[in-house]
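Here's a friendly walk through one structure, taken a piece at a time. Have the model open and turn it as you read.

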Amino acid sequence: MTQPLLNEIVAEIEHSPHQAIPFSRYMELALYHPEWGYYQTNRTKLGKEGDFFTNAHVGTVMGRVLGRLFWRMVAMTGNEEEWVLVEMGAGDGRLMEQVANEWLAQGGKPDKLHAYLVETSPHHRRLQQERLGSHPISFHWSRRLEEVPRAKYSFLYTNELVDAFPVHRIKKEGGAIWEAYVSKGKNGRLSECWFPLKESDDPAVWERGRLLAEGQIAEVPVAAREWLSQVTGWLEKGILLTIDYGGETEELLARREGTLRAYREHRLWTDLYHTPGEMDLTAHVDFTLLRLWGAELGLHTFACLSQAEFLLRAGVLDLLQATPARDPFSAEAKQARAVTHLIHPQGMGERFRVLLQGKGVSASDMEQLVPNL
């Protein structure tokens with residue numbers, strides 16, 4: 001356990017009115033404390049040696065599809081200088097690398113791609129800079145989206161970012177709605193406790209609580225709403241593409257114990273409080289809420305698709321050669337296996353979803369970018 005982080009959490013608990021802090025605050029400290037949070041430390045998190053994989057680790061397929069999509073966007077306006085490409089929460093930088101490589105493969109000039117990585121983690125920023133430092137394209141880094149220069153058009157995408165936003169954890173018991181808090185337990189360990197939720201609290205949290213069945217637990221991603229507000233306020237005209245695992249409200253409410261999980265070394269941990277700062281905390285993304293909140297903020301939803309459907313409509317099969325490769329170790333065979341894994345229902349195809357939202361973009365323009373939406 002990261003003892004300094006535990007000490008910080010305990011100190012905040014002891015100074016709080018209820019001798020407890022909301023779970024959402026605990027999750028924020030555990031993941032994003034500027035010194036000892038999970039995403040801020042030097043611990044390896046991605047890949048075989050880390051705690052989880054992303055679709056960017058399955059070959060170069062996802063990055064190539066996004067790169068071609070961006071290339072088509074730029075081609076529609078005919079002026080690269082009007083565009084900016086942004087990835088928020090870029091991990092080790094490999095997805096941005098894939099997108100940029102596809103830009104070059106399509107004939108784009110290195111000095112015409114204005115690419116930004118928005119990253120709060122010093123560790124991940126260092127990994128990204130190591131990976132992209134010798135790339136022919138000059139990348140730019142920012143800690144906050146507001147620091148990225150606005151352009152006439154923007155393509156902003158995220159990949160497994162929203163699932164790591166802090167969530168409120170609630171349940172219905174005895175006909176009342178309760179919210180999870182974290183208090184100081186025995187032997188220096190943290191423990192969970194519950195306080196009644198009031199109707200005067202956050203409306204989104206209260207409304208989700210009203211939908212719960214007796215004994216049911218659920219999460220409310222209020223931080224995702226704040227993030228959408230930030231993105232919409234920054235965006236002049238362009239596309240927001242969100243890739244993550246999750247589902248619709250109805251699907252998520254079918255899980256009586258909620259979707260909150262802890263991962264470490266590719267293993268699922270049931271104790272959310274045992275090692276704060278040393279494990280990933282994540283909850284399934286509610287795409288119904290992202291669409292609803294986006295509409296309230298001025299974003300138009302063009303499509304919310306499974307990853308498989310998105311990739312197929314975006315032309316992923318164009319990356320495959322006409323006849324199957326005979327050599328199973330060839331680059332073509334590896335590419336075919338990567339495509340299969342990303343679109344297969346038992347792989348990543350149905351577990352992940354892609355939400356396409358836009359501001360100042362017409363439906364006819366989107367039809368040209370991703371046919372048959």
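## A loop residue to start with

Let's begin with Glu160, which sits in the loop between strand 5 (153–159) and strand 6 (168–173). One thing to keep in mind from here on: this is a predicted model. Glu160 has a phi near 55°, a positive value in a residue other than glycine. Is Glu160 buried or exposed? Its relative accessible area is 14%, and because the cut-off for buried is under 20%, Glu160 counts as buried.

You'll find Gln19 in the loop between helix 1 (3–14) and strand 1 (20–22). With a relative accessible area of 42%, Gln19 is partly exposed.

## A hairpin

Now move along to strand 7 (residues 176–184) and strand 8 (residues 190–196), which pair in the antiparallel sense over seven bridges. To get your bearings, find Ser183, which stands opposite Ser191 in strand 8.

Strand 7 and strand 8 form a hairpin, with five residues between them. Which residue in the turn has a positive phi? That's Asn187, at about 55°.

Next up is an open sheet of three strands, in the order 12-11-13 and with antiparallel pairing. Strand 12 (267–269) and strand 13 (280–282) are the edge strands, each pairing on one side only. On average, and ignoring direction, neighbouring strands of this sheet are turned by 35° against each other.

Strand 11 (residues 261–264) is joined to strand 13 by three bridges, and three bridges also join strand 11 to strand 12. Tyr263, for its part, stands opposite Asp280 in strand 13.

Side chains in a regular strand alternate between the two faces of the sheet. In strand 11, Ala262 and Arg264 make up the covered face, and Arg261 and Tyr263 the uncovered one.

## The loop beside the sheet

Between strand 12 and strand 13 there's a loop, and His274 has its place in it. His274 is partly exposed, with a relative accessible area of 31%.

How far apart in space are His274 and Arg94? From C-alpha to C-alpha they are 31 Å apart, and in sequence they are 180 residues apart.

## Two nonpolar cores

Time to look inside. The largest nonpolar core has 49 residues, and those touching the most other members are Leu66, Phe70, Leu85, Phe155, Tyr157, Leu241 and Phe310. Which helix gives this core its largest share? Helix 3 (residues 61–77) does, with eight residues. Take Phe310 as an example: leaving out residues up to four places away in sequence, it touches Val65, Leu66, Leu69, Leu241, Leu305, Val354 and Leu356.

There's also a second, separate core of 38 residues. Its members include Leu156, Ile177, Trp227 and Trp293.

## Where two helices cross

The axes of helix 7 (residues 222–234) and helix 9 (residues 287–297) come within 10 Å and cross at roughly 35°. Helix 7 passes helix 9 in a right-handed crossing.

From helix 7, the contact is made by Val222, Ala224, Arg225, Leu228, Ser229 and Thr232. Helix 9 brings Leu290, Trp293, Gly294 and Leu297. Sorted by type, the residues of this contact come out as six nonpolar, three polar and one charged.

## A buried arginine

Our last stop is Arg208, found in helix 6 (residues 203–210). Why does Arg208 count as buried? Because its relative accessibility is 6%, and the cut-off is under 20%.

So what does Arg208 touch? Not counting residues up to four places away in sequence, its contacts are Ile170, Glu219, Val220, Thr249, Leu253, Asp286 and Leu289.

Methods:
Residues are numbered from 1 along each chain as its sequence is written. This is a predicted model: local features need pLDDT of at least 70, side-chain atom pairs count only at pLDDT 80 or more; totals for chains, interfaces and linings use all residues. Side-chain values use heavy atoms; hydrogens and water are left out. Axes are lines fitted to C-alpha atoms, for helices over the stretch in contact, and angles run from 0 to 180 degrees between N-to-C directions. Helices (H or I, at least four residues) and strands (E, at least two) are DSSP runs, numbered from the N terminus. A crossing is left-handed if the near helix is turned anticlockwise from the far one by less than a right angle, and right-handed if clockwise. Contact means heavy atoms within 4.5 Å. Ala, Val, Leu, Ile, Met, Phe, Trp, Tyr, Cys and Pro count as nonpolar, Asp, Glu, Lys and Arg as charged, and the others, Gly among them, as polar. Buried means under 20% relative accessible area, exposed over 50%, partly exposed in between (1.4 Å probe, protein chains only). Two strands pair if DSSP finds at least two bridges between them. A nonpolar core is a set of buried Ala, Val, Leu, Ile, Met, Phe, Trp, Tyr and Cys residues joined through side-chain atoms within 4.5 Å.
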